[in-house]
Amino acid sequence: MNERRAPLLYAAETDSTNLALRRLAAEGAADGTVFWAARQSAGRGRLGRSFASPEGGLYYSMLLDASSEPERDLALTPAAGLAACRAVERVCGVRCGLKWPNDLLLDGKKLCGILTEGFAAGPRRCLALGIGVNVNTRAFPPELGDAAISLWQHTGRETELPLLAAALTEELDALLPAARARESALLEAYRARCLTVGREVLALRNGGSRAALALGVDADYALRVRWPDGAEEALRSGEVSIR
Ligand code: BTN
């Protein structure tokens, strides 16, 4: 594998690694720059939520130059999910699956969340690909209830965060070119990891939830579902829970 040119930066604590990359991009940081931290004071989650980021987790972001054709970026976040699965498997020997669109699940609970944020850095369009993994986390905030799990809770072993950050970088470096080229092999690998397909799901929308059957993941990584009235739809974003 080629030596990577962009740096891998670390801080014991930051507000959010996605925000840290935004600041670095404004100073000209290169495509592929990584920033990871052991704690976040203002971790950001999907759908405008916050992301609890206690000691023990890996909070990791990679800066990407966004394509001028947005459809070419559709596969980046799914590729990040797959890269996270592979890194966890390589370092910890634990196989996890993906809940569409990109949560990592272990024992039916959330092990990792991913948030991709787009922003401008001067004339440049960028993405911060943010990945939060519950690694050595001993306990979660009570509001998460029983929904989250850490690698430590599953294996009983500590994992070295720098090792996992390095593996994640290698897996992302290997998969992101395939995502940018929209390679079908990546789509097939994503489908093989996706635990949502074939399951009854609840799709959250407009403040309510609606039951559906998840039929498959289409070529744009949208989730094809069938509603109880027989109508089918491709969900492109949002929250879906497995029933
Ligand atoms: C979610 O499941 O809602 C997405 C969570 C994404 C969390 C990661 S941690 C690293 C990066 N920095 C952030 O502030 N958020 C992402």
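Biologist: What is the relative accessible area of tyrosine 10?

Modeller: The model is predicted, so this is a computed value. Buried would need under 20% and exposed over 50%. Tyrosine 10 falls in between and counts as partly exposed, at a relative accessible area of 48%.

Biologist: Is tryptophan 36 buried or exposed?

Modeller: The limit for burial is under 20% relative accessible area. Tryptophan 36 has 7% relative accessibility, so the residue counts as buried.

Biologist: Which kind of aromatic pair do tyrosine 10 and tryptophan 36 form?

Modeller: A search of the whole structure finds three aromatic pairs. In the pair of tyrosine 10 and tryptophan 36, the centres are 4.5 Å apart and the planes make an angle of 50 degrees. Stacked needs under 30 degrees and edge-to-face over 60.

Biologist: Which kind of aromatic pair do phenylalanine 51 and tyrosine 59 form?

Modeller: Both phenylalanine 51 and tyrosine 59 are buried. Their ring centres lie 6.5 Å apart, with 75 degrees between the planes. An angle over 60 degrees sets the class, so the pair is edge-to-face.

Biologist: Over the ring of which residue does the charged end of arginine 138 sit?

Modeller: A charge counts as over a ring only within 6 Å of the ring centre and within 35 degrees of the ring normal. The charged end of arginine 138 is 3.9 Å from the centre of the ring, which belongs to tryptophan 152.

Biologist: Which residue in the turn between E5 and E6 has a positive phi?

Modeller: Strands E5 (residues 103–106) and E6 (residues 109–121) run antiparallel and are joined by three bridges. Leucine 105 is opposite lysine 110 in E6. The hairpin has two residues between the strands, and the one in the turn with a positive phi, about 50 degrees, is aspartate 107.

Biologist: What is the bridge partner of phenylalanine 119 in E7?

Modeller: E6 pairs with strand E7 (residues 124–133) over ten bridges, in the antiparallel sense. In the hairpin of E6 and E7, glycine 122 has a positive phi near 60 degrees. The partner of phenylalanine 119 in E7 is cysteine 126.

Biologist: Is the crossing of H2 and H5 left-handed or right-handed?

Modeller: The axes of H2 (residues 76–92) and H5 (residues 184–193) come within 10 Å and cross at roughly 65 degrees. The crossing of H2 and H5 is left-handed.

Technical notes:
Residues numbered from 1 in each chain as written. Predicted model: local features only at pLDDT ≥ 70, side-chain atom pairs only at ≥ 80, totals over all residues. Heavy atoms only, no water. Phe/Tyr/Trp six-rings, centres within 6.5 Å; stacked < 30°, edge-to-face > 60°. Buried < 20%, exposed > 50% of the residue type's maximum accessible area, 1.4 Å probe, protein only. Pairing = 2+ DSSP bridges. Helix = DSSP H or I, 4+ residues; strand = E, 2+ residues; numbered from the N terminus. Axes fitted to C-alpha atoms, helices over the stretch in contact; angles between N-to-C directions. Left-handed = near helix turned anticlockwise from the far one by under 90°.
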